[in-house]
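Q: I am new to this structure and would like a close look at a single part of it. Please take the ligand site as the starting point and then describe some other places in the chain.

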Amino acid sequence: MARGQTASLFRIYASRNNFSRAKILLPTRIFISLSQSKNRLLENNRCCSLFDVPYRQFSTNFLDLFTRRFDPENPNEVRISKSVDKRPPSSAQDDEGSSFGIAGANKDSGDSISTVDFVESVKFVGVLENRVEVEICNVNEGSVTHSVKVEGEEERSNKDVYDKKKVGKVNVAFRDPVELYQELRNAQKNDKLRRSDWETLQEIFSVLAKSGWAANQALAIYIGMSFFPTAVSKFREFFFKRCSAELAIHIVTLGPCDEAVKFMFPIFVEYCIEEFPHEIKRFRSMTESADLTKPHTWFPFARAMKRKIIYHCGPTNSGKTYNALQCFMEAKKGIYCSPLRLLAMEVFDKVNALGVYCSLLTGQEKKRVPFSNHVACTVEMVSTDELYDVAVIDEIQMMADPYRGYAWTRALLGLKADEIHLCGDPSVLNVVRKICSETGDELYEQNYDRFKPLVVEAKTLLGDLCNVRSGDCVVAFSRREIFEVKLTIEKYTKHRCCVIYGALPPETRRQQASLFNDPDNEFDVLVASDAVGMGLNLNIKRVVFNSLTKYNGDKNVPVPASQVKQIAGRAGRRGSRYPEGLTTTLHLDDLGYLIDCLKQPFDEVKKAGLFPFFEQVELFAGKLPNVTFSQLLEKFGENCRLDGSYFLCKHDHIKKIANMLEKVRGLSLEDRFYFCFAPVNIRDPKAMHHLLRFASVYSHKVPVNVAMGIPKGSARNDEELLDLECKHQVLSAYLWLSNQFKEGSFPYAKKVEDMATNIAELLGQSLLNACWKTASRQTRKIGPQQKENSNSRPKGQQKVGYNRSTSLIKAHMRKRQEEDTKEVTA
Ligand SMILES: Nc1ncnc2c1ncn2[C@@H]1O[C@H](COP(=O)(O)OP(=O)(O)OP(=O)(O)O)[C@@H](O)[C@H]1O
Ligand SMILES: [Mg+2]
């Protein structure tokens with residue numbers, strides 16, 4: 001999400017009686033107040049935020065403290081002028097319940113740290129007579145780094161800086177912005193200014209208009225991002241007509257910089273509150289209906305339970321899922337939530353084979369096993385209504401997935417289970433800790449190590465695929481590469497290859513996996529995409545990276561370290577023929593990057609994904625009746641409020657489907673919402689066409705059929721293979737829709753299921769015989785770069801007669817290094 005799109009609320013919890021020991025996480029620069037409103041808030045004994053209290057009730061002086069005068073490098077004593085609580089400290093040390101007004105609008109940049117300005121935590125140490133002591137801590141450094149004293153009313157009144165009588169030209173900086181605004185408003189006309197000052201002022205206003213900080217802060221008073229530039233422009237007009245020389249000169253002295261923006265901002269706020277009450281009201285009601293804050297409160301039944309959360313934390317292949325599944329099987333009633341259909345199927349088969357009756361529930365299939373109390377489902381399908389003894393949420397680190405993360409978050413927050421087992425790497429451990437502290441669940445952490453360490457083979461394949469061995473899994477990051485590698489290996493060696501990639505149906509992937517796992521056939525090498533990183537039980541001895549770059553839709557970029565680790569970790573499996581795992585690369589040039597990736601610790605994730613339920617979108621739609629569904633989603637993204645530990649999941653693919661369905665009349669908002677989640681590849685025009693047809697037929701309230709023929713035999717070339725993949729996807733979407741919409745709308749589910757099974761089988765057979773280059777490859781022209789590569793290839797490599805890929809990672813790293821050097825020099 002672009003920087004500055006989301007408003008978030010932050011709350012400070014203070015002790016009920018005297019604020020002592022209040023520990024506050026303050027994720028951004030924000031209004032902070034010890035104003036009169038505090039008493040009201042304390043009386044109410046509830047959380048409060050700026051949104052609950054009229055802005056004026058907040059002391060602007062605390063705003064001063066942080067926005068104007070607080071220098072993180074040089075934390076001096078700072079005074080505030082409004083009244084503070086003068087009650088003596090009480091002995092009660094109750095840290096719960098009350099809060100006073102600190103609130104903020106956080107510009108969510110996606111990379112959470114960048115929103116932290118200079119303060120992460122503020123600690124109110126105590127109230128002594130008329131002094132409030134505040135400690136400002138830097139959470140990142142884990143220590144108290146700044147100490148600020150705040151003085152009370154009487155003491156303040158003796159100080160020059162706040163003594164009104166002495167406020168003169170030099171003291172504009174210290175004057176109350178409310179007064180400054182009132183002076184501006186009451187002024188008949190502006191004082192004369194020099195041309196150069198005038199120009200500097202113009203520049204300062206232009207900095208204000210472009211300031212992300214100011215636009216962000218303005219959210220707190222419900223000036224929306226889209227209205228902010230207009231508000232600044234009107235404010236400029238107002239200001240230029242009325243400003244005094246004294247005020248103008250002070251601002252000009254500050255110059256076109258952040259300091260000037262921070263000085264003007266509170267005056268701007270006063271202006272907005274008075275001038276734009278309608279806009280503020282409208283935006284406020286819009287943001288309130290797009291409120292995604294406090295998501296744990298969305299599940300009151302789960303909150304009423306005392307849940308025990310067990311985090312099985314460790315690298316791949318360390319036994320996390322195995323142990324969690326033991327508890328699942330022992331439970332009277334259990335649910336297993338999988339990241340993939342494939343894995344849900346695996347668990348369904350495994351658990352039933354062990355004599356525990358278990359049903360299967362995915363978007364596409366519902367297999368109800370009689371008398372079963374257990375269910376294996378995909379995480380999106382988890383029920384938050386049913387009560388379970390044990391739930392397992394696998395691959396919990398996916399809660400930070402930009403697209404699907406919300407499903408894991410929902411499962412964690414909403415599952416009604418006495419015991420919830422989370423399996424995953426440590427990247428989301430801190431987020432889970434935070435969530436558990438909000439939900440009040442007990443968290444137990446169980447750490448795992450790999451059974452046998454992963455060994456890196458330094459020799460690599462020396463750029464030659466003829467060096468593959470039995471038990472190898474060659475990993476490539478595009479469909480084209482996968483088929484090239486398979487073709488090469490089968491042409492120049494005695495090995496046969498199984499193939500696994502994301503566009504294959506789970507049934508076909510499983511068939512390929514069991515073919516590879518079976519030692520009694522000739523298929524002893526696996527060629528796979530990153531789809532191999534999760535879910536399948538594979539007997540891999542060595543993972544060989546054919547390349548370590550991946551096309552990101554725009555250009556080739558290095559594969560992220562976490563993904564490299566996950567994939568490499570698939571090598572070696574306890575109890576299999578290959579208990580010890582090896583990993584290496586095709587090219588020597590890539591080896592360094594592989595080793596770097598394996599050495600890197602898991603990146604800590606700061607936020608979990610969220611996405612609104614249909615009801616939330618519906619509520620929001622009530623505020624914007626005349627926009628398309630796609631625009632509605634866009635606006636929701638712009639206006640929704642989120643707490644600091646959450647981000648709004650990306651939904652470009654949903655918007656793309658929404659746009660396509662715009663021309664279909666007669667669909668309700670709810671219909672559109674669900675059609676948009678149908679599992680189709682938005683880059684596949686044929687699949688999109690079928691989805692559009694499904695929606696059109698459905699909108700006419702006619703039973704939807706498939707209207708698609710099925711090939712009789714397996715694919716003879718890549719085009720036919722692609723066609724099979726696409727057809728399976730369309731059938732899968734039909735099945736998915738048949739489970740979402742009311743009975744009778746998609747009545748041919750049984751027939752479609754059979755068709756899908758047929759196609760999955762045809763795909764499996766096709767892959768066994770596949771010995772062609774990919775369709776896209778055949779039609780591609782050789783670019784100058786490739787020609788150059790093939791010309792510059794060492795002679796020795798030509799003898800096997802195929803074009804081997806060369807390492808891109810080194811070139812990429814070199815380029816990045818050059819860019820870094822350039823930046824440093826600049
Ligand atoms: N205690 C055990 N006894 C027998 N086999 C085990 C045991 N623990 C794990 N295994 C086997 O080791 C393999 C890896 O275990 P598991 O799938 O639980 O690892 P994981 O940590 O969940 O890995 P990933 O992160 O890749 O999902 C599996 O085939 C599993 O059956
Ligand atoms: Mg696992």
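How many residues surround ligand 1, and which are the closest?

A: The model is a predicted one. In it, ligand 1 is surrounded by 14 residues. The closest of these are Lys320, Thr321, Tyr322, Arg570 and Arg573. By class, the shell around ligand 1 consists of 5 charged, 6 polar and 3 nonpolar residues.

From the backbone, Gly319 places an N or O atom 3.0 Å from an oxygen atom of ligand 1, and Tyr322 has a backbone N or O atom 2.7 Å from an oxygen atom of the ligand. Lys320 takes part through its side chain, where an N or O atom is 2.8 Å from an oxygen atom of ligand 1. On its own, ligand 1 has 620 Å² of accessible area, and the protein covers 80% of it.

Ala568 counts as buried because its relative accessibility is 0%. Beyond its neighbours within four places in sequence, Ala568 is in contact with Leu454, Val543, Phe545, Thr583 and Leu598. Val455 is 113 residues from Ala568 in sequence, yet their C-alpha atoms are 9.8 Å apart in space.

Not counting residues up to four places away in sequence, Thr460 touches Thr584, Thr585, Leu586, His587, Leu588 and Leu591.

Helix H13 runs over residues 341–353 and has 13 residues. From its first C-alpha to its last, H13 reaches 18 Å, close to the 18 Å expected at 1.5 Å a residue. Buried residues in H13 include Arg341, Leu342, Leu343, Phe348 and Val351. After H13 comes Gly355, which has a positive phi, near 90°.

Helix H16 has 14 residues, 479–492. At 1.5 Å a residue, H16 should span 20 Å, and this agrees with its end C-alpha atoms, which are 20 Å apart. The buried residues of H16 are Glu481, Ile482, Phe483, Glu484, Val485, Lys486, Leu487, Thr488 and Ile489.

Terms used
Residues are numbered from 1 along each chain as its sequence is written. Chains are lettered from A and ligands numbered from 1 in the order in which they are written. This is a predicted model: local features need pLDDT of at least 70, side-chain atom pairs count only at pLDDT 80 or more; totals for chains, interfaces and linings use all residues. Side-chain values use heavy atoms; hydrogens and water are left out. Helices (H or I, at least four residues) and strands (E, at least two) are DSSP runs, numbered from the N terminus. The expected span of a helix is 1.5 Å times one less than its number of residues. Buried means under 20% relative accessible area, exposed over 50%, partly exposed in between (1.4 Å probe, protein chains only). Contact means heavy atoms within 4.5 Å. A residue is near a molecule or strand if one of its heavy atoms lies within 4 Å of it. A polar contact is a pair of N or O atoms within 3.5 Å; within protein, one must be able to donate a hydrogen and the other to accept it, and residues adjacent in sequence count only if both atoms are side-chain atoms. Accessible areas come from the Shrake-Rupley method with a 1.4 Å probe; for residues, only the protein chains shown count as cover. Ala, Val, Leu, Ile, Met, Phe, Trp, Tyr, Cys and Pro count as nonpolar, Asp, Glu, Lys and Arg as charged, and the others, Gly among them, as polar.
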